[in-house]
Amino acid sequence: MEQPDDRLPAPDGLNDDFEVSESLVPMRDLKAAEQNTVSFDGLLAEPLILKEDLKEGCGGQLWPAAGGGLVGLAVARGCNIGKPPLYITDQAPMLPLMETNIKINNLASTVVAGVLNWGEPIPDLIPSHPAVILAADCVYFEPAFPLLISTLVDLLGPGSVCYFCFKRRRRADLRFMKMARKAFEVDIVTDDPDAEANVIGSESTAQPQ
């Protein structure tokens with residue numbers, strides 16, 4: 001039996017789509033997909049080739065969060081990582097871009113891309129309690145802070161170390177570090193000469209308490 005609908009009808013036009021004139025809020029042109037090279041001021045003898053593509057969101061630009069894979073690919077290219085693979089992760093829309101950048105840099109034998117959603121169970125692809133976790137520029141959306149903490153708790157084991165860095169953009173970002181200090185043993189890295197110049201909110205190594 002259907003329940004009677006006692007709600008009053010909405011005034012005419014109330015449920016219509018809300019439109020704003022482009023004269024008030026101009027449409028932003030999306031940056032066209034392109035490739036760039038990154039050497040980190042010559043630290044990489046062989047620069048990375050990275051595709052940027054914003055059609056699936058801002059993660060498709062050159063920034064440290066995995067997105068297109070900048071940090072993970074740089075480590076794979078410039079460091080002796082021991083026994084491969086090295087895993088780079090982001091959400092599903094960024095997976096094709098990560099896989100493309102792995103391929104164009106000939107790093108398929110070293111790097112594996114995967115989907116990792118904060119707050120959800122760790123996928124089978126990711127090893128249990130990896131020795132080293134690099135979390136670069138993951139602090140940008142306050143409602144996601146508890147989800148990120150939850151995922152780090154699941155990932156970090158007794159022998160794990162997380163190197164965590166972010167650029168402080170707003171005062172709320174420091175709330176994440178307060179949450180992290182409650183969950184982990186945190187040591188601040190103090191020997192980075194560029195920390196102040198780059199307005200780094202915190203660079204830290206974290207271990208489970």
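The model is predicted: local features need pLDDT of at least 70, side-chain atom pairs count only at pLDDT 80 or more, and totals for chains, interfaces and linings use all residues. Residues are numbered from 1 along each chain as its sequence is written, and side-chain values use heavy atoms, with hydrogens and water left out.

**Salt bridges**

- The structure holds two salt bridges, each defined as a side-chain nitrogen of Lys or Arg within 4 Å of a carboxyl oxygen of Asp or Glu.
- One joins the side chains of Glu46 and Arg77, at 3.8 Å from N to O.
- Glu46 lies in the loop between S1 and S2 and Arg77 in helix H1, so this pair ties together parts that are 31 residues apart in sequence.
- Arg77 is buried, at a relative accessible area of 17%; buried means under 20%, exposed over 50%, and partly exposed in between (1.4 Å probe, protein chains only).
- The side chains of Glu142 and Arg175 form a salt bridge at 2.6 Å, N to O.
- Because Glu142 sits in the loop between S5 and helix H3 (145-155) and Arg175 in helix H4 (residues 173-183), the pair ties together parts that are 33 residues apart in sequence.
- Glu142 is partly exposed at 33% relative accessibility, and Arg175 is partly exposed at 47%.

**Helix H1**

- Helices (H or I, at least four residues) and strands (E, at least two) are DSSP runs, numbered from the N terminus.
- In helix H1 (residues 70-78), the buried residues are Leu70, Gly72, Leu73, Ala74, Ala76 and Arg77.
- These buried residues pack against strands S1 (34-38), S2 (48-52), S3 (86-90) and S4 (111-115), and against helix H2 (95-104), where contact means heavy atoms within 4.5 Å.

**Helix H3**

- Phe145, Leu148, Ile149, Thr151, Leu152 and Leu155 are buried in H3.
- They cover an arc of only 165° around the axis, which puts them on the same side of H3; the arc is that of the directions from the helix axis to the C-beta atoms.
- The cover over the buried residues of H3 includes S5, strand S6 (161-167), H4 and strand S7 (184-188).

**Nonpolar surface patch**

- Val132, Leu134 and Tyr163 make a nonpolar surface patch of about 280 Å², with accessible areas from the Shrake-Rupley method and a 1.4 Å probe; for residues, only the protein chains shown count as cover.
- Patches are made of residues with over 30% relative accessible area and no salt bridge, like charges being joined within 9 Å and nonpolar side chains (Val, Leu, Ile, Met, Phe, Trp, Tyr) within 5 Å.
- Leu134 belongs to strand S5 (residues 132-136) and is partly exposed, with a relative accessible area of 43%.
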